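Colleague: Please take a close look at the metal sites in this predicted model. How are they built, and what lies around them?

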Amino acid sequence: MMKQKIQLSDYEVDETYEFVAKNSTDPWISDILNELEADIDKSEPFKKGKLEISFEVLRRVAKPLADHLTIKGYFEADYQTPCVRCLKLTDQHIESDIFGAWVNESLMKLPEFEDECFRINGHEYDLYTLDKGAIDLKEFIHEQVFMNVPFLPLHDENCKGLCQKCGVNLNETSCSHQSEMDSPQH
Ligand SMILES: [Zn+2]
Ligand SMILES: [Zn+2]
């Protein structure tokens, strides 16, 4: 089980620590998954999703970031969400590399860190501020996951949706309102 908040001081400098956090073992990951599934009508049957993050934690003391901690990893999520047009549950798969670096607050005020990112070994790391020496992993993972969530999920790109007047599913049937809406208005 992985803690939601970790402390910089719990890690030895230049040691790499590897972790896996997932919804089946870590309640705070399960919270993020529940948020991905928030639009599902839970009174109907649905396939419970999964969210898993593999990452390594590395504390380094080096210029220009001084004493800092980096997280480099990868997440994968499978979950269901309703199609925005017809509400049919649709399978979603998202995955991405994640890169984060936590530095002392005073550093974030320097002009070179204005963009809130920093390149280390060819990768762009998002910069975050240490909060009393602590890192909130949940906040970080939540942000990284939701950056990758499709804004308008569709069960099929040609989904015809529901009739706006009577609510029938136009993928399955048709109704008199469609011809009305298609014809030019006078
Ligand atoms: Zn649909
Ligand atoms: Zn209709």
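Modeller: The donor residues of the zinc ion (ligand 1) follow the spacing C-x2-C-x68-H-x3-C in sequence. They are Cys83 (SG), Cys86 (SG), His155 (ND1) and Cys159 (SG). Their distances from the zinc ion (ligand 1) run from 2.1 to 2.3 Å. The angles among the four donor atoms are 102 to 116°, and the site is tetrahedral. Cys86 sits in the loop between β4 and β5, and His155 in the loop between α3 and α4, so this pair ties together parts that are 69 residues apart in sequence. Cys86 is buried, with a relative accessible area of 7%. His155 is partly exposed, at 28%.

Now the zinc ion (ligand 2). Its protein donors are Cys163 (SG), Cys166 (SG), Cys175 (SG) and His177 (ND1), at 2.0 to 2.3 Å. In sequence the spacing is C-x2-C-x8-C-x1-H. Cys163 and Cys175 both lie in the loop between α3 (137-146) and α4 (176-182), so the pair ties together parts that are twelve residues apart in sequence. Cys163 counts as buried because its relative accessibility is 4%. Cys166 is partly exposed, with a relative accessible area of 37%.

What about cysteine pairing? The count of disulfides is zero, with sulfur atoms required to lie within 2.5 Å. Cys117 is partly exposed, at a relative accessible area of 23%.

Next, strand β4, which holds Thr81. Thr81 counts as buried, because its relative accessibility is 7%. Leaving out residues up to four places away in sequence, Thr81 touches Leu36, Asp39, Ile40, Lys88, Leu89, Thr90, Gln92 and Pro153.

In soluble globular proteins, nonpolar side chains tend to be buried together. The largest nonpolar core has 29 residues, and Leu51 and Leu69 have the most contacts inside it. Two or more residues of this core come from each of α1 (27-36), β3 (50-62), β4 (66-82), β5 (89-103) and α3. Beyond its neighbours within four places in sequence, Leu51 is in contact with Ala21, Lys22, Asn23, Ile29, Ile32, Leu33, Phe75, Glu76, Ala77 and Val145. Another core, of ten residues, lies apart from the largest one. Leu65, Phe99, Leu107 and Met108 are among its members.

Last, the aromatic rings. The whole structure has seven aromatic pairs. One of them is Trp102 with Tyr128, a stacked pair. The rings are 5.0 Å apart centre to centre, with 20° between the planes. Trp102 belongs to strand β5 and Tyr128 to strand β7 (residues 123-129), so the pair links parts of the chain 26 residues apart. Both Trp102 and Tyr128 are buried. With Phe140, these two residues form one aromatic cluster.

Definitions and conventions. Residues are numbered from 1 along each chain as its sequence is written. Chains are lettered from A and ligands numbered from 1 in the order in which they are written. This is a predicted model: local features need pLDDT of at least 70, side-chain atom pairs count only at pLDDT 80 or more; totals for chains, interfaces and linings use all residues. Side-chain values use heavy atoms; hydrogens and water are left out. Donors are N, O and S atoms within 2.8 Å of the metal (3.2 Å for Na, K and Ca); water is not among the atoms, so sites may look incomplete. Helices (H or I, at least four residues) and strands (E, at least two) are DSSP runs, numbered from the N terminus. Buried means under 20% relative accessible area, exposed over 50%, partly exposed in between (1.4 Å probe, protein chains only). A nonpolar core is a set of buried Ala, Val, Leu, Ile, Met, Phe, Trp, Tyr and Cys residues joined through side-chain atoms within 4.5 Å. Contact means heavy atoms within 4.5 Å. Rings of Phe, Tyr and Trp (its six-membered ring) pair if their centres lie within 6.5 Å; planes under 30 degrees apart count as stacked, over 60 as edge-to-face and the rest as tilted. Four donors count as tetrahedral if all angles lie between 85 and 135 degrees; four count as square planar and six as octahedral if opposite donors are over 155 degrees apart and all others between 65 and 115; anything else is irregular.
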